[in-house]
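Hi,

Here is the structure I said I would pass on.

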Amino acid sequence: MKIGIIGPAMSGKSTLFQLLTGMAPSSGGKGSVPQAAARVPDSRIDALVDIFKPKKTTFAAIEFADFPALGRGCEVSGETAGRLKTCDALAMVIRAHRDPSVPWPAEPVNPFASFESFLHEMVLNDLCQVEALLSKNKDKKRTADEQRVLEAAQKLLEETKPLSTGQWSAEDLPALKNYAFLSSRPVLVAVNLDEEQMLTRDYEKRDELLSSCQEAGYPVVEFCGSLENEISSMEKEEQTEFLSEYGLSESGISRLAAAAYSLLHLCSFFTVGEDEVRAWTISKDTPARRAAGKIHSDIERGFIRAEVIGYDEFMALGSLKVARDQGKLRLEGKEYPVRDGDIINFRFNV
Ligand SMILES: Nc1nc2c(ncn2[C@@H]2O[C@H](COP(=O)(O)OP(=O)(O)O)[C@@H](O)[C@H]2O)c(=O)[nH]1
Ligand SMILES: [Mg+2]
């Protein structure tokens with residue numbers, strides 16, 4: 001699963017990318033789209049590690065790509081277009097912080113106006129792409145599905161509606177995803193606040209921004225780029241204390257990763273033991289046998305059954321031995337829909 005970081009120039013996209021992935025964003029040349037994996041923080045993994053003291057710990061990960069600011073018009077091409085096609089969702093970074101040393105790209109300068117104008121730009125950008133594609137009338141490679149999708153897309157975009165508002169059929173969706181459109185993808189909005197705004201939980205036109213995002217179906221995460229930097233360099237206990245001063249229980253990066261997970265309808269199951277405690281990412285309600293395939297295709301192929309206990313129930317018992325002795329490890333078959341937080345041991349035979 002991959003999330004593209006988009007947004008107006010100087011909003012904090014590369015800063016966020018760096019915070020999420022720990023990678024310096026400025027490797028490539030102009031127009032390059034660096035990408036890297038970000039760990040998905042999970043306090044349940046921390047608790048399991050305290051119990052099993054494994055040699056190795058592996059958190060879930062989501063891939064992020066740091067896009068350059070996209071201008072109005074048709075210039076989504078080359079590496080940008082290629083990367084956009086592989087993105088399952090977008091994180092739109094909107095600036096609220098008032099640091100005078102960082103220039104705003106253009107007037108007007110508040111987060112609400114910035115959001116509205118970027119949303120509009122997304123739609124215009126897509127419309128431009130659709131028109132360019134449709135004007136290539138003799139494109140013999142286009143399938144009937146693609147032609148129908150492009151025409152429907154043009155109609156929506158001309159009404160300045162994002163493509164995500166369309167009624168797309170199961171045949172439409174793969175064609176739609178294969179174009180480098182912006183407005184067809186799920187979006188979460190990451191608002192970059194300064195420290196004072198973070199304390200007061202207020203900034204110019206906040207209510208307008210939140211209700212506009214709600215209308216569009218976009219979840220919102222407020223974070224503070226400069227604070228996250230400090231937080232990431234702290235020990236765990238120090239972090240907790242620091243965050244509580246801002247009335248928070250989790251860092252912005254944690255909240256963002258969680259929001260991205262839920263935007264993509266993902267969840268985690270765990271494998272545990274002395275060797276490794278590990279989170280595995282699956283779509284919600286993935287059947288047990290297919291979930292096993294995440295670990296290894298042999299386990300999927302030779303699947304016999306899954307021994308399962310939910311995270312909360314496990315924590316109440318405290319050890320696998322107690323769980324087993326009390327008959328609390330459920331035996332589930334291949335169709336069992338795996339739930340978020342399930343601790344699983346797969347039995348298999350190859
Ligand atoms: N004061 C302050 N500056 C920030 C914050 N986030 C980013 N910046 C600065 O804003 C400028 C643009 O950030 P960048 O991440 O490169 O923006 P991008 O163009 O969207 O990739 C850089 O100089 C950053 O150091 C923040 O939360 N507070
Ligand atoms: Mg950048």
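Predicted model: local features only at pLDDT ≥ 70, side-chain atom pairs only at ≥ 80, totals over all residues.

Let me start with a glycine: Gly225 has 21 C-beta neighbours inside 10 Å, so it counts as buried. (Buried means 20 or more other C-beta atoms within 10 Å of a residue's own, exposed means 12 or fewer, and partly exposed is in between, with C-beta atoms placed from the backbone.) Gly225 sits in helix α9, residues 225–232. Helices here are DSSP runs of H or I with at least four residues, strands are runs of E with at least two, and both are numbered from the N terminus. Setting aside neighbours within four places in sequence, Gly225 touches Gly12, Thr15, Leu16 and Asn192, where a contact means C-beta atoms, placed from the backbone, within 7 Å. Gly252 is 27 residues away along the chain from Gly225, and their C-alpha atoms are 8.6 Å apart.

Residues are numbered from 1 along each chain as its sequence is written, and chains are lettered from A and ligands numbered from 1 in the order in which they are written.

Now the overall picture. The protein has 15 helices and twelve strands, and its C-alpha atoms fill a box of roughly 65 × 55 × 35 Å along the principal axes. Of the 350 residues, 35% are buried. Among contacts with a separation of 6 or more, 73% join residues 24 or more positions apart.

There are two domains in the assignment, domain 1 (2–263) and domain 2 (285–348), with bounds from an automatic or database domain assignment. Their centres, taken over C-alpha atoms, are 33 Å apart.

Which residues of α5 are buried? They are Val149, Leu150, Ala153, Leu156 and Leu157. Down the axis of α5 they fall within an arc of 130 degrees, so they line one face of the helix; the arc is that of the directions from the helix axis to the C-beta atoms. That buried set packs against α4 (111–135) and α6 (172–177), while Ala144, Glu151, Lys155 and Glu158 are exposed on the other side of α5.

In α12 (residues 288–295), the buried residues are Ala288, Arg289, Ala291 and Ala292. Their arc is 155 degrees, so they too line one face of the helix. Their packing partners include β8 (266–271), β9 (276–283) and α13 (297–301).

Most residues other than glycine have a negative phi. Thr160, in the loop between α5 and α6, has a positive phi of about 50 degrees, and it is exposed, with 12 other C-beta atoms within 10 Å. Met10 has a positive phi of about 60 degrees and lies in the loop between β1 (2–6) and α1 (13–21). Met10 counts as partly exposed, with 15 C-beta neighbours inside 10 Å.

Cheers

Methods
Contact = placed C-beta atoms within 7 Å.
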